[in-house]
Amino acid sequence: MAAECRLVCDTFGVYHTLTHTIKDRDPFPVQEDLLLWMSVPAGGPQPGAGPSRVDMEVTRNESQLFRAEFGRAITEMGTACQRMRSDCTKRLDQRVRDIQFRSKDLEWKLEEITGEVDVLLKMSGRLAKALEACGETLRVTGVCLEERSVLELVDQRRDSAVISHPPCRKHSSPSPSAACRMKRLPSERRHDEVDEELFREREVAMAVGFLLQRVEQQIAEQIRLNRSVQQLLVQDLQDKVKAENIDDSCASMTLRSIADQMPENILPSVAVTPEQWETTCGLNLAHAEQQMADSLHLRARAESVLERTATDVGNQVQATAAALQRNILELKSARSQMGDELAKVLYEFASQQRASEDLLGAVAENQGELRLARARLAVRRQRPSKEQCHDPAQSELLAEVQQLRAHIDRLREARVQSEEEQRALVRCQRELQENMEVKTSSLAIDEVVCARHREPLVIHRF
């Protein structure tokens, strides 16, 4: 009997402790009438009195009732624990799905921004090639200007261009074969249409180089911003993957899996609220979207700049080539005309030489006639004094002498004039020859030297 009473008391103590523990941990309903029933009744057996049969029957009934109520409480507590574990598992699964949804958004956006970085890197390479081609165009233009332009004019244009435009990257100094058109003779050092087109080409190339440099710098800055967003998304994605793995492992935990791994102290969560978590994810995605939109806009602008600059430089290069070709044709035509004129001058000079020789022969012939007339007069002076009358023969001889002298004087004057004409023709010949040499030199500069420098100049659309 004493052993049964101790068992009931011990069992009551355990049940009382468990009941208070459950009340502290989870507010599921506890039978208040059971607690009242478990208290000692006021009319119970008194100390010192022997146990009666009725008391033992009451005690046994009370023990049976206690066991029944205790079993029911255990069943209810087990059901509540299973329900709470199931609810917590569902919450964890839902949280994992939310993280997976956000992770997919981050992965998609990360893949998009990574692809955009690669595209911008390719665009930067295209801009670098365009800048290199622009620098080559500027170098060739500078060479041609120094080859054929007046030095003072080149220096003035260079100074004004340097002030208004920064130098294009990779613009090298003129080659040692430069100053072709500067090697033209002074008479050919004029500011013509080709020089105008070359100066315009130089200004266009420098403006294009400046614009390409600025766009390339903007592309580099956008690449830096995209990589910053990329790093932010990678870090956020790593954190979410880690949180997903942790929550997934929590959802798969069982009583057997944790064993003795329960921590002694469970610290309260100090992270963000679900609303703050959603806001942070949204801000990261919005920042990535903004950078993506800026990147697409900048890439479209870079494409437009590449297309427009290639068109502008190509048109100007074609205009310069056309002006150079026209100048070459003009030089050839002028040289051909000078050649024809030189042939005419040489022919006229030869004719003048023959005329001068004819005049010299005529002078000699007239001098012979004059000597003959004078000899006749001299012989007639030997006539007797009475016979020296001024007869018609004498008059004719004197007139003949006068006429012959006049003829000889005119012939000598004509010969002097012929010699003057020959000297003038010689001067024309020398001038034509010099001009032809000048045209030939200018033609060689424009057609050979400048064309050799400009021949590999091809405008690519990068």
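Okay, let's start with a pair of helices: helix 3 and helix 7 are roughly parallel to each other, since their axes cross at roughly 20° and anything under 35 degrees counts as roughly parallel. Those axes come within 9 Å, and the crossing is left-handed. In terms of residue classes, the contact of helix 3 with helix 7 splits into 19 nonpolar, three polar and 13 charged.

Before I go on, one caveat: what you're looking at is a predicted model.

So, the overall layout. The protein chain has eight helices and zero strands, so if you read along the sequence you simply get α-α-α-α-α-α-α-α. There are 462 residues in the protein chain, and buried ones make up 32% of them. Then there's the contact range: take the contacts between residues at least 6 apart in sequence, and 91% of them join residues at least 24 apart.

Now let's bring in helix 8, which covers residues 392–454. How does helix 7 pack against helix 8, and at what angle? Helix 7, residues 274–380, meets helix 8 at about 165°, and the axes are 5 Å apart. That angle is over 145, so helix 7 is roughly antiparallel to helix 8. The crossing here is left-handed. For the contact of helix 7 with helix 8, the tally by class is 33 nonpolar, 17 polar and 18 charged residues.

Next up is helix 3 against helix 8. Helix 3 runs over residues 53–148. The two axes come within 9 Å and cross at roughly 165°, which means helix 3 and helix 8 are roughly antiparallel to each other. And is that crossing left-handed or right-handed? For helix 3 and helix 8, it's right-handed.

If you want to click through that contact on screen, here's who is involved. On the helix 3 side you have Val-140, Thr-141, Val-143, Cys-144, Glu-147 and Arg-148. Facing them from helix 8 are Ile-445, Asp-446, Val-449, Cys-450, His-453 and Arg-454. Sorted by class, the residues of this contact come out as six nonpolar, two polar and four charged.

Glu-455 sits in the segment after helix 8. Glu-455 and Val-140 are 315 residues apart in sequence, yet their C-alpha atoms are 9.9 Å apart in space. Is Glu-455 buried or exposed? Its relative accessible area is 65%, so Glu-455 is exposed.

Last topic: cysteines. As for accessibility, Cys-250 has a relative accessible area of 30%, so Cys-250 is partly exposed. Cys-134, on the other hand, has 6% relative accessibility and therefore counts as buried.

To wrap up the helix picture: helix 3 and helix 7 are roughly parallel to each other, while helix 8 is roughly antiparallel to helix 7 and roughly antiparallel to helix 3. The handedness is left for helix 3 with helix 7, left for helix 7 with helix 8, and right for helix 3 with helix 8. That's it from me.

Conventions. Residues numbered from 1 in each chain as written. Predicted model: local features only at pLDDT ≥ 70, side-chain atom pairs only at ≥ 80, totals over all residues. Heavy atoms only, no water. Axes fitted to C-alpha atoms, helices over the stretch in contact; angles between N-to-C directions. Helix = DSSP H or I, 4+ residues; strand = E, 2+ residues; numbered from the N terminus. Parallel < 35°, antiparallel > 145°, perpendicular 65-115°, else oblique. Left-handed = near helix turned anticlockwise from the far one by under 90°. Contact = heavy atoms within 4.5 Å. Nonpolar A, V, L, I, M, F, W, Y, C, P; charged D, E, K, R; others polar. Buried < 20%, exposed > 50% of the residue type's maximum accessible area, 1.4 Å probe, protein only.
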